[in-house]
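Please take a moment with the sequence and the model below before reading on.

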Amino acid sequence: MQLIITKDYETMSQMSLTHVLAHMYTGDNRRVNLSITAGKTPERLYQLLKEEYRGNPYFKHVHFYNFDEIPREGEETGVTMNDLNRMFFDQAEVPRGLVHVLDTKNWKDYDKKLKEDGGLDMLIMGLGTDGHFCGNLAGTVEHFGMETRMVTKEKYPISYFERETSPDHYVTFGPKTVTNARHLIMIINGSHKAEISKKALFGPVTPEVPASVFQLHPNYTVIMDEEAASLLDY
């Protein structure tokens, strides 16, 4: 694990941008497959990234994959893709042919698709306060060999969602799908993530803290601000 601790959220976002661009600027025209996260943590990253991306023809070889999706009743686009469109894809003017959507219709074949597309070069994600990554909430991970899957309302903790908006089901990359990526990047900010960061980065590897499995990944980068790192011994 490479641990990078930055002064604040802005610096963390700039450092994250550097790592993402390192995958996008390959020096050749080979295909690059990136899986990116929604949520609050990457908002500033995407503000910076869209300025690099928009109007740059070099990035036509970069493909994007969302790693989870929560359906919205009566809507074609789920919560995750709606957020990614708003924060990055629309503003950066990413061609739709480069965006590969995971949803409740195609999840059963998604691991096969990833393999056929050459696998993920990089996956960037945040850390939940329960230690989750993607849609792998604490209590829903039976073992780390799980691939892309559907999680039903009976299996996830209702308290994670607002009761009025809790979905009947959602889809997510499983631990095996994520760890198959060649490079994992986790971005973490804020003092409210300090306790779970210590558990996920240096505690026992256990499904009870789903993100702890990444301690075993050979190419794992964690970029966090000082507040999130406040309980770490470093």
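Predicted model: local features only at pLDDT ≥ 70, side-chain atom pairs only at ≥ 80, totals over all residues.

Residues are numbered from 1 along each chain as its sequence is written, and side-chain values use heavy atoms, with hydrogens and water left out.

Strand β10 covers residues 220-225, where a strand is a DSSP run (E, at least two residues) and a helix likewise (H or I, at least four), numbered from the N terminus. In β10, 6 of its 6 residues are buried, that is, under 20% relative accessible area with a 1.4 Å probe, protein chains only. Tyr220, Val222 and Met224 point one way from β10, whereas Thr221, Ile223 and Asp225 point the other way.

Two strands pair if DSSP finds at least two bridges between them. Strand β1 (residues 2-6) runs parallel to β10 and is joined to β10 by 5 bridges, with Ile5 standing opposite Met224. Strand β9 (residues 184-188) also pairs with β10 in the parallel sense, over 5 bridges, and Thr221 in β10 is the bridge partner of Ile185. From β9 the chain crosses through helix α6 (residues 194-202) to β10 in a right-handed β-α-β crossover, meaning that, with the strands pointing away from the viewer, the path from the first strand over the helix to the second runs clockwise.

Elsewhere, 3 strands form an open antiparallel sheet in the order β4-β8-β7. Because β4 (68-69) and β7 (149-152) each have a single partner strand, they stand at the edges, and one side of each is left without a neighbour in the sheet. Between β7 and β8 (residues 169-172) there are 4 bridges, and Val151 has Tyr170 in β8 as its bridge partner.

Key
Buried < 20%, exposed > 50% of the residue type's maximum accessible area, 1.4 Å probe, protein only.
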